[in-house]
Amino acid sequence: MTPLSGWKLWAPNLPRCIDAESVDDLLVDLRFSSEKERNFKISMATAFGVLQVKRFVNMFGESWTTIENFDNIFWKVKSSIAVYVREHWMEDWLFGYQFLNGFNPVLIQKCGKMPVNFPVTDAMVRNSLGCSTLEQEMKDGNIFIVNYEMLDGIPANVIKGVQQYLAAPICLLHLNKQNQMMPIAIQLKQTPGEDNPIFLPSDSELDWLLAKIWVRSSDTQHFELISHLLKTHLIAESFSVATLRQLPSVHPIYKLLAPHVRYTMHVNTNARKDLMSSDGIIAKAFGIGAEGLLVLSQKEFQALTYQSLCLPERLEHHGVKDIKGYCYKDDGLLVWSAIHSFVSNIVTFYYENDQLVKNDPELQAWIQDLTEVGLQDLKNSGFPTSLSTRVELCKFLTVVIFTCSAQHAAINNGQYDWGAWVPNSPISMRKPPPTNKGIVTMEHIMESLLDVTQSCTQMAFSWIISPPQPGMKKLGDYEEYFTEEAVKETIQKFQEELKTINHMIQERNKGLDLKYEYLCPENIENSITI
């Protein structure tokens with residue numbers, strides 16, 4: 001691998017990126033293969049070409065008149081989950097299920113005390129709790145919360161002169177005796193008041209439906225811009241740049257990480273031009289436009305911690321390790337453990353003791369370049385700036401590999417499943433959040449949901465980036481990098497463990513109406529290539 005040039009500051013208070021204005025500026029071995037480039041262009045042309053044929057993509061500003069109108073772009077959908085969502089998206093249990101096993105399963109937290117700005121009373125939710133009380137259910141660990149406070153104050157987009165709208169909802173959920181995560185209260189803005197009612201399942205059907213749609217829209221935008229773009233793509237690029245800048249190709253940690261940085265800089269360089277720019281897809285279709293993306297990403301990057309990238313610690317911090325049916329958690333911990341075990345075997349093979357880790361100048365240059373340059377705007381984040389022990393090194397390498405592979409798969413691979421039926425996951429809203437109860441009509445809901453052009457963009461975008469990529473290198477593919485027989489045996493052991501996990505997940509899925517397959521190792525790509 002030819003050494004890289006340097007870092008670039010794309011925007012203040014964000015991860016540094018590769019110094020490249022376009023993919024033509026990248027070294028040849030960092031770019032897509034000609035086959036992958038061709039397949040990607042064909043996918044884009046196919047998606048938007050199909051929608052163009054359907055005569056909808058240029059109908060900006062025109063609203064669908066009924067929910068059923070969305071069927072006009074929901075055709076030839078092969079995803080069984082997407083079809084299921086279309087049939088059941090209004091049901092409360094499926095709304096709650098998505099916080100556990102949808103495309104953004106990272107925000108839900110146990111609620112032991114109500115936030116002061118979310119004044120839910122026992123009387124409000126009594127009908128949702130059976131014979132119990134809110135206080136008792138919190139004590140029993142059955143109350144959970146999803147808070148989109150990070151969206152508060154983010155400027156909303158204006159698309160072709162049409163104002164879009166954002167909310168910063170708080171959603172309270174109850175894990176009932178049927179093990180369903182049921183929404184029991186929704187407040188759409190952070191500051192309580194008469195113009196910010198708390199919506200309940202006992203409200204009118206349309207009031208409650210619109211409140212849930214607002215939460216889903218907020219979740220979709222957080223998922224796409226933070227959980228996906230910032231916390232996998234951009235963070236992974238920092239890992240990639242530091243690895244290729246500081247570790248020579250003969251270094252064992254380079255060999256370990258090289259499969260996990262494949263194509264990421266190509267993908268992200270394109271994303272900064274086609275997705276994140278002032279005339280990119282986000283600016284043209286999302287409720288959070290280019291300006292809002294920058295403000296939100298900066299806010300969330302400043303709040304990023306090392307702990308939040310360590311799956312077991314994040315789950316423990318959120319109080320969700322004991323939730324049953326939380327497949328993202330169950331499968332993620334299996335894959336995390338397998339990666340950590342594999343990494344530990346590699347590290348102990350090449351580093352017989354902690355002193356060798358501490359005295360490895362290339363390794364120390366790598367971690368310093370990553371955390372003190374690539375992630376330099378993070379303050380009090382807990383990211384290490386040096387590595388002194390094999391334990392520290394193994395944990396950090398597990399974070400890198402899991403983020404670039406499994407975490408991206410869990411977030412990215414479900415976009416089409418959960419976003420193809422547009423009302424379930426709208427990327428914008430065209431009317432402000434309701435300030436009163438009892439006034440919502442179906443006409444109001446249709447005018448709030450995406451217009452025809454935005455709907456086509458969402459459908460095409462999710463279709464392009466969700467399916468497995470041609471030439472996919474699966475998690476565990478290392479053979480071309482290592483030559484030592486002992487290490488090859490370690491790799492084979494890792495691959496066998498991944499096959500075992502794959503089988504366990506498939507067996508579990510046989511008993512599920514909605515199969516959770518995003519973290520099946522056979523569906524996890526080694527690196528971020530889309």
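A residue is called buried here when its relative accessible area is under 20%, exposed when it is over 50%, and partly exposed in between (1.4 Å probe, protein chains only). Helices (H or I, at least four residues) and strands (E, at least two) are DSSP runs, numbered from the N terminus. The model is predicted, so please keep in mind that local features need pLDDT of at least 70 and side-chain atom pairs count only at pLDDT 80 or more, while totals for chains, interfaces and linings use all residues. Residues are numbered from 1 along each chain as its sequence is written, and side-chain values use heavy atoms, with hydrogens and water left out.

Let us start with helix α20. In this helix, residues 485-509, the buried positions are Val 487, Thr 490, Ile 491, Phe 494, Leu 498, Ile 501, Asn 502, Ile 505 and Asn 509. An α-helix has 3.6 residues a turn, so residues three or four places apart point the same way. The buried residues of α20 pack against α13 (327-350), where contact means heavy atoms within 4.5 Å. The expected span of a helix is 1.5 Å times one less than its number of residues. For the 25 residues of α20 that gives 36 Å, and the end C-alpha atoms are 36 Å apart, which agrees. Helix α3 (residues 92-101) is mostly covered, with nine of its ten residues buried; among them are Leu 94, Phe 95, Tyr 97, Phe 99 and Leu 100.

Now to the interior. A nonpolar core is a set of buried Ala, Val, Leu, Ile, Met, Phe, Trp, Tyr and Cys residues joined through side-chain atoms within 4.5 Å. The largest such core has 157 residues, and those with the most contacts inside it are Ile 108, Trp 366 and Phe 396. Helix α6 (residues 205-246) supplies the largest share of this core, 19 residues. A second, separate core of 16 residues includes Cys 111, Phe 118, Leu 129 and Leu 172. In soluble globular proteins, nonpolar side chains tend to be buried together.

Leaving aside residues up to four places away in sequence, Trp 366 touches Phe 239, Ala 242, Thr 243, Gln 246, Leu 247, Leu 257, Leu 387, Phe 396 and Leu 397. Trp 366 also belongs to one aromatic cluster with Phe 239, Tyr 306, Phe 383 and Phe 396.

That brings us to the aromatic rings. Rings of Phe, Tyr and Trp (its six-membered ring) pair if their centres lie within 6.5 Å; planes under 30 degrees apart count as stacked, over 60 as edge-to-face and the rest as tilted. By this rule there are 20 aromatic pairs. Trp 64 and Phe 70 make a tilted pair, because their ring centres are 5.4 Å apart and their planes lie at 45°. Trp 64 counts as buried at 5% relative accessibility, and Phe 70 counts as buried at 1%. Tyr 326 and Tyr 328 also form a tilted pair, with centres 6.1 Å apart and planes at 40°, and both of these tyrosines are buried.

A few polar side chains round out the picture. A polar contact is a pair of N or O atoms within 3.5 Å; within protein, one must be able to donate a hydrogen and the other to accept it, and residues adjacent in sequence count only if both atoms are side-chain atoms. Asn 147 lies in strand β4 (residues 143-147). Its side chain reaches the backbone nitrogen of Glu 149 at 3.0 Å and makes a polar contact with the side chain of Gln 190 (3.0 Å). Ser 297, in helix α10 (residues 290-302), counts as buried at 5% relative accessibility. The side chain of Ser 297 reaches the backbone oxygen of Leu 293 at 2.7 Å.

Finally, look at the loops. Arg 262 is found between α7 (252-257) and α8 (264-274) and counts as partly exposed at 22% relative accessibility. Most residues other than glycine have a negative phi. Asn 13, in the loop between β1 (7-8) and β2 (17-18), has a positive phi of about 60° although it is not a glycine. Asn 380, in the loop between α15 (361-374) and α16 (390-412), has a positive phi of about 55°. Asn 13 counts as partly exposed at 32% relative accessibility, whereas Asn 380 counts as exposed at 81%.
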